[in-house]
Amino acid sequence: TRTGAHSIKYRAYSDQEVKRILKNCTGFHYDAVTIAFHTGLRFKDICHLKIEDVDLETGTIEIIPAKTSRFRKAVYIHLHKDVIDVLRKAAENNLSDYFFPEAVAQYSSGTFGVQFKRILKKANVLDNKHGKASFHSLRSTFITNCEEAGISRTVIQGIVGHGSPHMTERYSEDKKSGRILKDMPSIK
């Protein structure tokens, strides 16, 4: 059942933490972090991203996320320039149906997760009171950044493919939107 009541809470990363993570990444990890930061896609969906799912000319992804594939609901994501650059580079001289064929081959081995934990340690990005630090935390980072930018939760929910706004809320650590209260008129 998908209730959103799982016990693991993944924390969002600050921009400085993401920069430190990227500084310690190479190859596929660098590409995967860039894509996750700008799209909120899960690691499995990035590993298995097909050339046919992306239109580099319009800068969009249309994909049915693996975790929610039984609902057959696609997500549509407009891509940041950095993601387009990463995907264009990955597509060059690529004869596979996938952007990252080596990631598809290694996905089930779990080696990327072990390597990413080392990257987090080198970048000094750790678990904290807000939750666990992992690759999945980039999903929380994306959702938090979207909310702090003023994007409505309904739109974010559609981008990341959540079935309910409660799940999207679970990922957000929005601390900036409430600042609007400072600008409320005085009654005195």
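Tutor: Helices here are DSSP runs of at least four residues, numbered from the N terminus. Keep in mind that this is a predicted model. With that in hand, Asn 93 sits in the loop between helix H4 (81-91) and helix H5 (101-106).

Student: Why is Asn 93 called exposed?

Tutor: Exposed means over 50% relative accessible area. Asn 93 has 79%, so Asn 93 counts as exposed.

Student: And what makes the phi of Asn 93 worth a look?

Tutor: Most residues other than glycine have a negative phi. Asn 93 isn't a glycine, yet its phi is positive, at about 55 degrees. Asn 124 is another residue other than glycine with a positive phi, near 55 degrees. You'll find Asn 124 in the loop between helix H6 (111-122) and helix H7 (137-148).

Student: While we're at H6, why is Gln 115 called partly exposed?

Tutor: Gln 115 is found in helix H6. Buried means under 20%, exposed means over 50%, and partly exposed is what lies in between. Gln 115 has a relative accessible area of 33%, so it goes in the partly exposed class.

Student: Okay, on to the start of the chain. Why is H1 called roughly antiparallel to H2?

Tutor: The axes of H1 (residues 15-23) and H2 (residues 27-39) come within 10 Å and cross at roughly 160 degrees. Angles over 145 degrees count as roughly antiparallel, so H1 is roughly antiparallel to H2.

Student: Which residues make that contact?

Tutor: From H1, they are Asp 15, Val 18, Ile 21 and Leu 22, and from H2, Tyr 30, Val 33, Thr 34 and Phe 37. By class, the contact has 6 nonpolar, 1 polar and 1 charged residues.

Student: How do you know that Cys 25 is in no disulfide?

Tutor: The structure holds 0 disulfides. A disulfide needs two cysteine sulfur atoms within 2.5 Å. For Cys 25, the nearest cysteine sulfur is that of Cys 47, 13 Å away.

Student: What makes Cys 25 count as buried?

Tutor: The cut-off for buried is under 20% relative accessible area. Cys 25 has 8% relative accessibility, so it counts as buried.

Definitions and conventions:
Residues are numbered from 1 along each chain as its sequence is written. This is a predicted model: local features need pLDDT of at least 70, side-chain atom pairs count only at pLDDT 80 or more; totals for chains, interfaces and linings use all residues. Side-chain values use heavy atoms; hydrogens and water are left out. Axes are lines fitted to C-alpha atoms, for helices over the stretch in contact, and angles run from 0 to 180 degrees between N-to-C directions. Helices (H or I, at least four residues) and strands (E, at least two) are DSSP runs, numbered from the N terminus. Angles under 35 degrees count as roughly parallel, over 145 as roughly antiparallel, 65 to 115 as roughly perpendicular and the rest as oblique. Contact means heavy atoms within 4.5 Å. Ala, Val, Leu, Ile, Met, Phe, Trp, Tyr, Cys and Pro count as nonpolar, Asp, Glu, Lys and Arg as charged, and the others, Gly among them, as polar. Buried means under 20% relative accessible area, exposed over 50%, partly exposed in between (1.4 Å probe, protein chains only).
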